[in-house]
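Reader: I would like to learn how to read a sheet and a helix in a model. Please take me through one.

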Amino acid sequence: MSYQTLKVERRDKGVVLWTIDNPPANAIDDTLLEDLDKAVEEFGTDPETRVILVTSAHPKTFLAGADLKMMMQNAGDVAGKPGAIAAKSRRIQETFARIEQIPKPVIAAMNGHALGGGCEFALACDFRFLSKGYIGLSEVSLGLIPGAGGTQRLTRLLGRAKATELIFRAKRLTAEEAEGIGLITRAVEEERLLPEALAFAEELAEGAVQAMGLAKGCILAASEGREDGYRCESEAFEKTLATGEPIEGFAAFFQKRKPQFLPSKAGNRT
C-alpha cells in the first residue's frame, strides 16, 4: 500500500517501523487517520510482522492533537448540527481502537511532545518510550476534554484518582515524571531512543508473539471490565495450542535451552 503521512520500513526479526510524517506539525487529520487505518489493515495480521514500532519524523513533536486552526476555521460548518463534533471525535477513537487491538506488540518511540491527541495515541500502544518533550492530556487548558479515548485509557492505566488529577490540571510531564507514575515504559536519552526501542522490539519479536496477541485480547477484556473476560482467557488459552508455539516452548523447556520462536525468514536482513 502507499501512504501519504507514514513511512513504513521492515526491520530485522519481523519488526516493522512506522514513521509518522505529516508536516508541518504532525497533527491528526483525516489523511493521517486513513493512512493509519490502511497500515493496521496491511500489518495488523501480516504473519511476517511480529512487532510494530511507531516513531515520528518531526524534530520536536511525536504527534500533535487535532489541527486546532482547522477546527476553528470549520467551526461554522458544524454549528447547529448536534452530534457533528462527536462524530469527528468518534472517528479518531475508532482508528486508535484499531491500533490498540492489533494482535501483536505495538511500541511508541516518542522523540518529542506527545500532548493531547499525541498522548491518546501513545496510550493505545502497548509500550511507550519517551526521550525529549512532554507527554500529557492537556485539553482542559483549552477548555476541551480528551476526545480520542484518553479519559478511558488513562483511567484504566493509572486509576481514577491519578487520571483525574492529570486531566483536570492538564499536566505536562517530562519523561522522568511520566516513567515515575507508570505513564510510560521507559525514559530514554534522545540519541538512544530509537536504538533502545528497536532492541526492545526485537527482544519481543524473538518471543511467542502469537501467544502475546492472544493474551493482549484478554488483557483488554479485563481492562474494559467485560464480564466475559474469563471466557475470553479460556478460549484464547485453547487457541495457543493451534499456533505451534507451545511445541517449541515445551521442547526448549525440557531441553534446557532458550526457545526459538522467531522464524528463520524473520531474522536479520542482509
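Reader: In strand 2, which residue is the bridge partner of Lys7?

Author: Strands of a sheet pair through backbone hydrogen bonds, either parallel or antiparallel. Here Thr19 in strand 2 is the bridge partner of Lys7. Strand 1 and strand 2 (residues 15-20) pair in the antiparallel sense over five bridges; two strands pair if DSSP finds at least two bridges between them. Helices (H or I, at least four residues) and strands (E, at least two) are DSSP runs, numbered from the N terminus. This is a predicted model, in which local features need pLDDT of at least 70, side-chain atom pairs count only at pLDDT 80 or more, and totals for chains, interfaces and linings use all residues. Residues are numbered from 1 along each chain as its sequence is written, and side-chain values use heavy atoms, with hydrogens and water left out.

Reader: In what order do the six strands form the open sheet?

Author: The order is 1-2-3-4-6-8, with mixed pairing. Strand 1 (6-10) and strand 8 (186-187) are at the edges with a single partner strand each, so one side of each lacks a neighbour in the sheet.

Reader: Which residues of helix 11 are buried?

Author: An α-helix has 3.6 residues a turn, so residues three or four places apart point the same way. In helix 11, Gly229, Cys232, Ala236 and Thr240 are buried (under 20% relative accessible area; exposed is over 50%, partly exposed in between, with a 1.4 Å probe and protein chains only). Seen down the axis, the buried residues of helix 11 fall within an arc of 75°, so they line one face; the arc is that of the directions from the helix axis to the C-beta atoms. On the other side, Tyr230, Phe237 and Glu238 are exposed.
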